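User: I'm new to this one, and I'd like to know what the words used for it rest on. Can you take me through it?

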Amino acid sequence: MRVLVVTAVPAEADSVVAGLSADGPSPAHSLPGGLTLRRCAGAEVTVDVLAGGVGPAAAAAATATALTASATATGPAYDLVVSAGIGGGFAGTAPLGSLVVADAIVAADLGAQTPDGHLAVEQLGFGRSTHVPAPLSERIAKALDAVHGPVLTVSTVTGTASRAAELTARHPRAAAEAMEGFGVAEAATAHGVPVVEIRAVSNAVGPRDRAAWRIGEALDALRNAFRLLSPVLEEEAR
Ligand SMILES: O=C(O)c1cccc(C(=O)CC[C@H]2O[C@@H](n3cnc4c(=O)[nH]cnc43)[C@H](O)[C@@H]2O)c1
């Protein structure tokens, strides 16, 4: 089984690699566009880890580049794509340091603003704003003891109580927000590869408070998530 993990920044990729391979080697492979894949090979599963940039567009471009570069004449080389990194947690659902596995990957700001509120692209008559993750996501959530709920993809980090309330009103079950999942999912779906999203909560979704961010703790939680994910993937591959 081959898995592609896409993070936004190198610090997140480091946590993923550390969780997957403890202190084993993770050889690097260059991709077009100055991207670098790090490979973690297990008994049955090979995981390539890519830091693709911040935001849905960078994430989609990097994921598509990796998928295109690896595709063979008979189809995609990867069996699963994982969008992973830190994220904001919605109050009462995903506290700081917790893990969220998406049961829906939602482009929360893709659509149109109207005097009566947001219209998603489906309501405008084109495109999609939600991807349904691979069924495996439920087993992953259990193994990671993670919240299993919608993860919103936004282009602008929420920084006010009113924006948080608006998102919660539109997505009452939302567990986390981040900036890449939907872009990764668009690229994976275009290549016919199932996708999941895993987030470690570094901050609360709400009024901006940089002093309250816990990025170090979230990166530790991300490392632990991939330590726990390894046996799930090995089992899936058998
Ligand atoms: O300057 C701020 O107020 C601010 C608040 C939270 C995060 C940021 C970032 O620049 C990090 C963006 C980066 O990390 C993911 N992330 C982490 N927390 C959130 C969030 O609450 N909402 C959206 N994205 C978040 C995101 O996926 C990016 O890769 C700045």
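**Crossing helices, a buried helix and the overall fold**

Analyst: Let's start with a pair of helices: α1 and α7 cross in a right-handed way. Keep in mind that this is a predicted model.

User: What makes the crossing of α1 and α7 right-handed?

Analyst: The term applies because the near helix is turned clockwise from the far one by less than a right angle. The axes of α1 (residues 10–21) and α7 (residues 215–237) cross at roughly 40° and come within 7 Å.

User: Which residues of α1 and α7 make the contact?

Analyst: From α1 there are Ala11, Glu12, Ser15, Val16, Ala18, Gly19 and Leu20, and from α7 Leu219, Leu222, Arg223, Phe226, Arg227 and Ser230. They split into seven nonpolar, three polar and three charged residues.

User: Why is helix α6 called largely enclosed?

Analyst: A residue counts as buried under 20% relative accessible area. Seven of the 10 residues of α6 (residues 181–190) are buried, so the rest of the structure largely encloses this helix. The buried ones are Gly181, Phe182, Gly183, Val184, Ala185, Ala187 and Ala188. After α6 comes glycine 192, with a positive phi near 75°.

User: How do you know that the protein chain agrees with a compact globule?

Analyst: For 238 residues, a compact globule would have a radius of gyration near 18 Å, and the protein chain has 17 Å, so the two agree. The chain has seven helices and 12 strands, and buried residues make up 47% of its 238 residues.

Conventions: Residues numbered from 1 in each chain as written. Predicted model: local features only at pLDDT ≥ 70, side-chain atom pairs only at ≥ 80, totals over all residues. Heavy atoms only, no water. Axes fitted to C-alpha atoms, helices over the stretch in contact; angles between N-to-C directions. Helix = DSSP H or I, 4+ residues; strand = E, 2+ residues; numbered from the N terminus. Contact = heavy atoms within 4.5 Å. Nonpolar A, V, L, I, M, F, W, Y, C, P; charged D, E, K, R; others polar. Buried < 20%, exposed > 50% of the residue type's maximum accessible area, 1.4 Å probe, protein only. Rg over C-alpha atoms; globule rule 2.2 N^0.38 Å.
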